[in-house]
Amino acid sequence: MSLVTLDDLGAAISSMVDDYAQEIIVKLEKRLDETAQEIVKYIKTHAPRSGGSKPFADSFIAEPQGSGINKTIFIFSNKKGKLTHLLEFGFTHRSGKYVGPRPFMRPAYDLLTPKMLEDIKRIIEKGDV
């Protein structure tokens, strides 16, 4: 009969918690990636489209930075980024005419992130979506 000490028990519990945390991190990263792609898709369908061959709406990408619990995803226009804030918030044209805002980024965030946050909470609490 082998004797199990409190140190052995503590090490076993610690190992189980670490394994569980790694599984959760993978699920959280997956959910974050899914939401980023949903936001990009929303932006591409709701952003203003120019008449040219390379529409503004199609220039948006999601670029991940970091990994694990430090992962961040930046969503931006990789070709026409200087226009984004002007279209989102409105601007005064050179002619003096005010061009009203046509928000497309904030509505995407407001629509899609609450569900992601609920899913993240559920993943952390129960381990599943």
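Residues are numbered from 1 along each chain as its sequence is written, and side-chain values use heavy atoms, with hydrogens and water left out. Because the model is predicted, local features need pLDDT of at least 70 and side-chain atom pairs count only at pLDDT 80 or more, while totals for chains, interfaces and linings use all residues.

Start with helix H1, which spans residues 6-46 and holds Val40. Helices (H or I, at least four residues) and strands (E, at least two) are DSSP runs, numbered from the N terminus. Val40 is buried at a relative accessible area of 6%. Buried means under 20% relative accessible area, exposed over 50%, and partly exposed in between (1.4 Å probe, protein chains only). Leaving aside neighbours within four places in sequence, Val40 is in contact with Phe60, Ile61, Ala62 and Ile75. Contact means heavy atoms within 4.5 Å.

Beyond its neighbours within four places in sequence, Ile43 is in contact with Ala57, Phe60, Ile75, Phe104, Met105 and Ala108. The C-alpha atoms of Ile43 and Tyr20, 23 residues apart along the chain, are separated by 35 Å.

Strand S1 (residues 60-65) pairs with S2 in the antiparallel sense, over 6 bridges. Two strands pair if DSSP finds at least two bridges between them. Ile61 has Phe76 in S2 as its bridge partner. Gln65 is bridged to Thr72 in S2. The hairpin has 6 residues between the strands, and Gly66 takes a positive phi near 80°.

Now the aromatic rings. The structure holds 3 aromatic pairs. Rings of Phe, Tyr and Trp (its six-membered ring) pair if their centres lie within 6.5 Å; planes under 30 degrees apart count as stacked, over 60 as edge-to-face and the rest as tilted. Phe56 and Phe104 form an edge-to-face pair, 5.8 Å centre to centre with 85° between the planes. This pair links distant parts of the chain, 48 residues apart: Phe56 is in the loop between H1 and S1, and Phe104 in the loop between strand S4 (98-99) and H3. Both Phe56 and Phe104 are buried. Phe60 and Phe104 also pair edge-to-face, at 5.7 Å centre to centre and 75° between the planes. Phe60 lies in S1 and Phe104 in the loop between S4 and H3, so the pair ties together parts that are 44 residues apart in sequence. Phe60 is buried at 1% relative accessibility, and Phe104 at 0%.

Last, the largest pocket. Its volume is about 240 Å³. On a 1 Å grid over the protein atoms alone, a pocket is an open set of points where a 1.4 Å probe fits, with protein on both sides within 12 Å along at least five of seven lines; lining residues have an atom within 4 Å of a point. Grid points are joined across faces, edges and corners, and the volume is the space filled by probe spheres set on the points. H1, S2 (72-77) and helix H3 (105-126) each supply at least two lining residues. Among the lining residues are Ile43, Ile75, Met105 and Tyr109. The lining divides into 9 nonpolar, 2 polar and 1 charged. Here Ala, Val, Leu, Ile, Met, Phe, Trp, Tyr, Cys and Pro count as nonpolar, Asp, Glu, Lys and Arg as charged, and the others, Gly among them, as polar.
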